[in-house]
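Reader: Could you walk me through this one slowly? I'm new to reading structures.

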Amino acid sequence: MGKGIWVYAEHKNGKVKKVTYEMLGAARQLADQLAKEVAAVIIGKEVGELASALGEYGADKVYVLENDALAEYTTDGYTRALAGLALEHRPTAIFLGCTVQGRDLAAQVAQRLQTGLCTDCTKVELQDGQITLTRPVYAGKAFVQAISPEARPVMATIRPNVLPVPQPRAGRAAEVVRVDVEPGDIRQIIKEVVRQVSSRPELTEADIIVSGGRGMKSAENFKILEELADVLGAAVGASRAAVDAGYAPHSMQVGQTGKTVSPQLYIACGISGAIQHLAGMGSSKVIVAINKDPEANIFKVADYGIVGDLFEVVPLLTREFRKLLGKEKEC
């Protein structure tokens, strides 16, 4: 039957990723209905101090797997650690964030455990006693529900920003279980880690995203989007057309071949609305489109549309938001 609902606690630069807390909220609801415990699994080097926050967000137990060889993520090391723990304890379900790391790790662990994997899920619930997962198909045009009555553990990757973050209960402590782990031979060799320092939030976890498309015309013109993003505390994204044209790096690409995002507010500037782009941002709560072509496909999914020249509209929005938020530039 399985011993609990597990959440893989992904972390970066000493902080637990927001999607972890979102998954803990969903896991807590399932566990309460199934009368099971919620366990978080955190892997790395000197990551035990992150365990307390996981308890406040719903974890009953936190497995801390530490080893010097696990200081940086590697497919081999983390797969052996998580799969080995799961084989020992046999959880009912394991949830991982649908991030670059989560997608890589989930596939490897599912293979080791000889179970199925449902990816990019936007909803997790209990129906007729079965864990039911909802995911988009056909580039977001439809949704399917997946149920695995026999497969255990149920494994899924959860799209960031689609599940609510539960209210933390200050002082709620989880049982911390430290596990000695031997990662074995790791084939991947990390020679250098290059970190990009930015005051803006990470694209996949941002509540607000300002994105530019081919209509930006050049990389230099992305500065006007960056100014708006800095006022709103937003991340900056780009369409594949903008990336292919050399206006933005691939790390900023939103879409079917880029990153999937679900912010509270998505502002699309000079983006036509190709189906591949819509697949990556269609689940945004509110979509604002700015395009001088009134027939642009992006307006079909937008909650608010502005037909106009983005080089006139975006600076106006920036100035108005500065006034509204009290962030006027000092002379």
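**Charges, fold and cysteines**

Author: This is a predicted model, and its chain carries 38 positive and 39 negative side chains, with the centres of the two sets lying 3 Å apart.

Reader: Okay, and how many helices and strands are there in the chain?

Author: The chain holds 8 helices, together with 17 strands.

Reader: What radius of gyration does the chain have, and what would a compact globule have?

Author: The chain has a radius of gyration of 21 Å, which agrees with the value near 20 Å that a compact globule of 331 residues would have. Along the principal axes, the C-alpha atoms fill a box of roughly 60 × 45 × 40 Å.

Reader: And what share of the residues is buried?

Author: Buried residues account for 50% of the 331 residues, while the accessible surface of the chain comes to about 16400 Å², with 49% of that belonging to carbon and sulfur atoms. If you look at contacts between residues at least 6 apart in sequence, 63% of them join residues that are at least 24 apart.

Reader: Switching topic: how many disulfides does the count come to?

Author: The count comes to 0 disulfides. A disulfide is a covalent bond between the sulfur atoms of two cysteines.

Reader: Are C118 and C269 buried or exposed?

Author: C118 counts as buried because its relative accessibility is 9%, and C269 is buried too, with a relative accessible area of 0%; the cut-off for buried is under 20%.

How values were computed: Residues numbered from 1 in each chain as written. Predicted model: local features only at pLDDT ≥ 70, side-chain atom pairs only at ≥ 80, totals over all residues. Heavy atoms only, no water. Helix = DSSP H or I, 4+ residues; strand = E, 2+ residues; numbered from the N terminus. Rg over C-alpha atoms; globule rule 2.2 N^0.38 Å. Buried < 20%, exposed > 50% of the residue type's maximum accessible area, 1.4 Å probe, protein only. Contact = heavy atoms within 4.5 Å. Areas by Shrake-Rupley, 256 points an atom, 1.4 Å probe, with all protein chains shown as cover. Lys, Arg positive; Asp, Glu negative; His and termini not counted. Charge placed at Lys NZ, Arg CZ, Asp CG, Glu CD. Disulfide = S-S within 2.5 Å.
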